Amino acid sequence: MSQPEYTTAQATALTNHDRKPIHIPGSIQPHGVLLALSTKLEILQVSNNTQVYLGKEPEDLLGQPLSYLLDLRQVEIVKQCLVKKIGSANIFKVLINTLDGERYFDAIAHRIEEAVILELEPNNSESELSFLGFQTLAGVAIAKMQSTSNLVEFLHLVAEEVQKIIGFDRVMVYQFDESGAGSVVAEVKREDLSPYLGLHYPATDIPAQARELYTRCFLRFLPDLSTEPIKLVPTENPTTHQPLDLSYSVLRSFDLCCAEYHQNMGVKALLVISIIQEQKLWGLISCHHQTPKYISYEVRKMCEFLGQIASSELTHKISYSEWDYKVKLKSLQSEFLESISQADNFIDALIKPEIRLLDLVSASGAAVCLDNEITLVEATPNIDEVRALIEWADTQVSDNLFSTDSLPKLYPEALRFKDTASGLLLLRISKVRRYYILWFRPEVLQTVHWAGNPQESIQTQADGSLSLSPRKSFEQWQETVRLTSLPWKACELDSAIALRNAIVGIVLSKADELAKINLELERSNQELASFAYAASHDLKEPLRGIYNFSTVLLEDYSQVLDDDGIECLQTVVSLSVRMETLINALLRLSQLGQAQLRLQATDLNELLNQVIEVFRASRQDSWLVDIRIPRPLPTILCDRVLVNEVFSNLLGNAFKYNDKPDQWVEIGYLDEGLATRDWRLGKSFLDPIPNSQSPIPNPQSPITFYIRDNGIGIPHHHLETIFRLFKRLHSQEKYGGGAGAGLAIVKKIVELHNGKIWVKSTLGVGSIFYFTLE
């Protein structure tokens with residue numbers, strides 16, 4: 001069977017298999033008992049093994065109230081399920097009188113649409129796993145998983161820690177790809193077993209219906225794959241006359257195909273834990289044992305908890321591993337879009353220098369098509385081949401963005417230029433005119449190692465229909481994948497879409513498209529600010545631990561340390577304090593990035609007096625500074641709290657960076673147009689600012705405020721860089737230290753008010769900061 005024929009057959013068989021109702025098997029596994037209850041908690045259905053565990057025949061239980069088996073307190077716990085969401089479970093211990101005497105069970109109750117399901121698993125002890133016991137078992141595992149930022153190492157630790165807890169012969173981490181196929185990306189196993197690490201498995205091995213159940217139920221346990229299922233009595237729910245939905249049941253029986261599949265692998269017991277990322281099934285922690293093996297419900301819940309921790313940590317690990325690349329693309333994207341927006345001829349901006357267009361999506365070649373004019377960049381098919389490809393795209397591609405990592409499979413003519421264009425990312429700029437950008441990637445030969453030949457799972461029945469059948473062999477089987485390129489990443493597709501939005505605004509002069517670009521950039525900035533806030537917030541806890549432990553060592557163990565050791569610890573404490581200052585500054589800037597202005601009429605004279613009073617009270621040296629206010633400041637519409645922060649930061653810098661014996665600071669505002677008329681035409685900033693008695697400026701025009709000092713001044717080449725985050729012009733030992741974030745915060749607040757800030761300065765003479773608030 002050829003690869004295209006196999007792919008079609010696989011899709012047909014998989015569709016047929018996905019129709020199997022595996023969530024309503026009408027039976028359970030034999031290591032427990034199931035009771036289906038009405039909303040009045042009457043027993044409607046039971047598993048046909050109640051005599052074994054409860055000493056009562058199914059007919060004796062049907063129609064009875066739950067209180068026939070459990071005491072009132074336990075019945076009340078089950079009743080609480082009626083007000084919970086579907087699938088949410090109540091878990092408790094029960095003691096039931098049986099023919100063999102009193103017997104303890106783990107009880108798991110949950111609600112479904114038409115009933116309440118109560119499952120009972122025998123337990124030899126009445127005691128539950130204590131919190132301390134749980135912490136002992138899980139605490140070390142969690143600490144190890146959190147100790148690494150390397151994704152591969154993290155996944156191996158997950159498998160290793162789960163294996164330590166349950167003692168299975170093999171524990172694997174299995175990752176799904178976009179098609180539903182998957183591969184083993186981490187493995188811990190018994191030494192004599194063949195490795196599965198790196199092997200691939202087709203989507204047919206875990207069909208869509210099974211993956212959907214794993215998304216809803218985070219743990220699946222099959223202690224003995226050789227057992228016969230226990231039927232429910234009666235088979236259908238008497239109320240709905242439908243099979244009972246066992247989607248969330250811990251005892252739900254397994255599909256015979258699943259049992260045969262794993263038995264062919266030599267597996268007799270199976271535990272599967274879901275790994276969820278962004279509410280999607282990323283993969284599974286799949287645990288195999290060569291003999292039947294029972295694990296208590298409590299230990300399974302701990303494994304489920306570890307799976308949830310692994311899911312949470314996985315998001316961070318992937319984010320960190322992808323973050324650098326995303327930041328690089330974002331930076332390039334911003335620079336690129338800015339140059340395009342300012343260009344008269346946007347095609348020149350696209351291809352000069354050429355590397356930027358390629359780096360935007362990590363391509364090896366590109367073609368820019370404006371109607372009949374086609375410009376090629378780097379490694380591409382020839383002009384005629386590109387022109388024919390665009391003709392094909394005109395009829396076959398309806399979306400503005402199209403990508404494939406296997407163009408020859410969709411467009412057979414691409415076989416001629418597979419070495420340059422097996423991968424295609426096509427961006428349609430206009431549907432009215434033939435405006436395209438095409439990016440290309442070359443063929444990359446890949447050797448895929450399958451766990452057995454995946455084609456063996458497709459069987460042809462006597463009637464000619466296709467079905468899935470478990471493979472008999474899982475020996476490594478190699479397949480060479482041709483006519484494919486490296487796949488396009490989601491962030492690269494986003495980068496292409498952002499480029500389209502920019503070009504549409506320039507080429508078609510549509511103001512609404514420009515607005516979309518701004519919204520996209522704003523969303524990106526908010527994401528960056530959110531990430532900075534989350535990252536810096538998470539940094540504070542370990543930093544606080546470093547500081548506290550270092551302080552304890554200095555206080556309690558100084559007598560056993562030599563002078564060098566004490567000096568090193570003191571340095572750690574000092575650096576921890578410095579680091580916390582930087583983190584606090586980053587948190588503040590991140591908060592500003594997500595802040596909503598609370599505008600109100602604000603008397604700046606009153607606000608400034610409050611700022612000065614705080615300085616006078618908190619800084620003794622501030623009394624030595626002559627604070628000058630030539631004329632009353634106006635009342636403006638602004639966020640009072642944030643503008644207070646602007647004045648506080650600028651005044652604080654004016655006080656700090658001044659080494660004159662007679663220090664002064666002047667606060668005021670300019671008459672309309674003065675800033676652009678005099679102060680930008682080379683007039684010395686030390687010339688007196690007119691002390692005009694003119695009325696308050698027109699409120700429709702932005703007011704230019706200034707804070708002027710006779711301090712140390714700023715070198716000319718630093719006048720722009722001083723507004724960058726953590727930019728300091730002096731060492732920590734000079735001028736009282738600081739984080740170097742104050743001016744970055746001021747700039748952010750001013751920009752939130754749609755204003756601007758700039759500075760004029762003469763080294764050794766003084767500085768004057770201007771800012772507007774609109």
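**Exercise 1. By about how much of the helix are Glu 161 and Lys 164 separated in helix H6 (residues 151-166), and why?**

Before the solution, two remarks on the model are needed. The structure is a predicted model, in which local features need pLDDT of at least 70 and side-chain atom pairs count only at pLDDT 80 or more, whereas totals for chains, interfaces and linings use all residues. Residues are numbered from 1 along each chain as its sequence is written, and side-chain values use heavy atoms, with hydrogens and water left out.

Step 1. Glu 161 and Lys 164 are separated by about one helical turn because they are 3 residues apart in helix H6, where helices (H or I, at least four residues) and strands (E, at least two) are DSSP runs, numbered from the N terminus.

Step 2. The side chains of Glu 161 and Lys 164 meet in a salt bridge with an N to O distance of 3.4 Å; the term stands for a side-chain nitrogen of Lys or Arg within 4 Å of a carboxyl oxygen of Asp or Glu. Side chains of opposite charge can pair when their charged atoms come close.

Step 3. Glu 161 counts as buried because its relative accessibility is 5%, given that buried means under 20% relative accessible area, exposed over 50%, and partly exposed in between (1.4 Å probe, protein chains only).

**Exercise 2. Describe the salt bridge between Arg 216 and Glu 212.**

Step 1. The N to O distance between the side chains of Arg 216 and Glu 212 is 3.0 Å.

Step 2. These two residues are 4 residues apart in helix H7 (residues 208-216), so about one helical turn separates them.

Step 3. Arg 216 counts as partly exposed, at 31% relative accessibility, and Glu 212 also counts as partly exposed, at 36%.

**Exercise 3. Which parts of the chain does the salt bridge of Lys 93 and Asp 106 link?**

Step 1. The side chains of Lys 93 and Asp 106 meet in a salt bridge of 2.6 Å, taken from N to O. This pair links distant parts of the chain, with Lys 93 in strand S4 (residues 89-98) and Asp 106 in strand S5 (residues 101-111), 13 residues apart.

Step 2. Lys 93 and Asp 106 are both buried, and together with Glu 298 they are linked in a network of salt bridges.

Step 3. For the whole structure, a search finds 20 salt bridges.

**Exercise 4. Is strand S2 (residues 33-37) enclosed or open, and why?**

Step 1. Strand S2 is largely enclosed by the rest of the structure, because 5 of its 5 residues are buried.

Step 2. In a regular strand the side chains alternate between the two faces of the sheet.

Step 3. S2 runs antiparallel to strand S6 (residues 116-122) and is joined to it by 5 bridges, with Leu 118 as the bridge partner of Leu 35; two strands pair if DSSP finds at least two bridges between them.

Step 4. S2 is also joined to strand S3 (residues 43-47), again antiparallel, by 3 bridges, and here Leu 37 stands opposite Ile 43. The hairpin of S2 and S3 has 5 residues between the strands, and in it Leu 41 takes a positive phi near 60 degrees.

**Exercise 5. Find backbone features in the loop between strand S11 (230-233) and helix H8 (256-264), and compare them with Gln 279.**

Step 1. Most residues other than glycine have a negative phi, and most peptide bonds are trans.

Step 2. Pro 234, whose place is in this loop, is joined to Val 233 by a cis peptide bond with omega about -10 degrees.

Step 3. His 241, found in the loop between S11 and H8, has a positive phi of about 60 degrees although it is not a glycine. At 54% relative accessibility, His 241 counts as exposed.

Step 4. Gln 279 has a positive phi near 65 degrees and lies in the loop between strand S12 (269-277) and strand S13 (280-289). With a relative accessibility of 76%, Gln 279 counts as exposed.
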